[in-house]
Amino acid sequence: MADIVNPENEEDLQAQIEEVEALSSIYGDEWCVIDEASRIFCIKISNDIKKPKLTACLQIILPPDYPSTAPPIYQINAAWLRGPERAKLANSLEDLYVEHVGQSILYLWVEEIREFLVEKSQSSETVDQAKTVNMTAEDEGDDQDIPDFRTLKLNTEIAHLFMDHANDEEVPPVKHGNTITDRRSTFQPHLAAVVTPRQVKMVLEKLYENKKIASATHNIYAYRIYCEDKHSFIQDCEDDGETAAGGRLLHLLQILDVRNVMVVVSRWYGGILLGPDRFKHINNCARNILVEEGYTASSDEATKSGAKTKRLKSKKTK
């Protein structure tokens, strides 16, 4: 029996093929096909092709129902792009999509990002941010066995949920934890209960309204949302320039098996490299606020619980 092909998906696929061919022709070597079958692509974007000062990589997944009903799933990789600026650029891309729902959007997105880079390169802030990025020297010698959770999501649920209920959700209350200071670097955790990715965005926007938090060198975050109907998690993280920190933070949330929660850790760099100790402080901050807000047990309680479990198991084996 022959398979029934959805006419809309067939039209979407044809539109995608034509769009990819056009982009490949326009951008040449800047355009890269990562996985043709999975419809995964990326493009390197710079403020100036001949003398680039700032570059960003836009990674894209085209879902089967793009462009008719679904947006592309995307991620912008740029170590210098952090905090309010990243949120501002994401908002502009989402606004473009809303204005052109049902149409091919990638060219407009690429040029929007390029225009953002041009404006940023002309700003006097570029030099200051470049100095901050040099902190990545701390990364030398760090462990490489931590899984990378910043990979693109292969389902469109996240993108759809960001667009849903945009006007009828309230900003969740945000809790602020105690700071940890080491060699003039200060770390502070923030926590909010979230049940949709849209709320994650709202929490970030609320945090960035605070000038002190917005001025942090890094605002690392991770979240996990449990979907009852699908018995699965929506989860993601952000390094915000602190390489691998977001993945480690999400790994902690997974180990603790917490759900429907978002943790942000702000770091104000004090001028002295901390090496791997910075990851310890980030995770300790996160764990402390999770314990304070009742999302997980303290170390002492967990140890006692584990000891009881082990004794019960040992009795059964006798």
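**Notebook: contacts, a sheet, a helix pair and one arginine**

I began with the contacts (heavy atoms within 4.5 Å): of those in the chain with a separation of 6 or more, 66% are between residues 24 or more positions apart. The model is predicted, so I note that local features need pLDDT of at least 70 and side-chain atom pairs count only at pLDDT 80 or more, while totals for chains, interfaces and linings use all residues. Residues are numbered from 1 along each chain as its sequence is written, and side-chain values use heavy atoms, with hydrogens and water left out.

I looked up the make-up of the chain next. It has ten helices and ten strands; helices (H or I, at least four residues) and strands (E, at least two) are DSSP runs, numbered from the N terminus. Of the 318 residues, 46% are buried, meaning under 20% relative accessible area; exposed is over 50% and partly exposed lies in between, with a 1.4 Å probe and protein chains only.

**Sheet**

I traced an open sheet of four strands, ordered β1-β2-β3-β4 with antiparallel pairing. Two strands pair if DSSP finds at least two bridges between them. β1 (31–35) and β4 (73–77) are the edges, each with a single partner strand, so one side of each has no neighbour in the sheet. On average, neighbouring strands are turned by 20 degrees against each other, direction ignored. I found four bridges between β1 and β2 (residues 40–46); Val-33 has Phe-41 of β2 as its bridge partner. Helix α3 (residues 106–121) packs on this sheet and touches β1, β2, β3 (55–61) and β4.

**Helices α2 and α6**

I then checked α2 (residues 83–99) against α6 (residues 197–208): their axes come within 10 Å and cross at roughly 135 degrees. Axes are lines fitted to C-alpha atoms, for helices over the stretch in contact, and angles run from 0 to 180 degrees between N-to-C directions. The two helices are therefore oblique to each other; angles under 35 degrees count as roughly parallel, over 145 as roughly antiparallel, 65 to 115 as roughly perpendicular and the rest as oblique. I listed Gly-83, Pro-84, Asn-91 and Glu-94 of α2 in the contact, with Lys-201, Glu-205 and Tyr-208 of α6.

**Arg-184**

I ended at Arg-184, in the loop between β6 (180–182) and β7 (185–193). Its relative accessibility is 58%, so Arg-184 counts as exposed. Leaving out residues up to four places away in sequence, Arg-184 touches Trp-268, Tyr-269, Gly-270 and Ile-272. I also noted 9.8 Å between the C-alpha atoms of Arg-184 and Leu-273, which are 89 residues apart along the chain.
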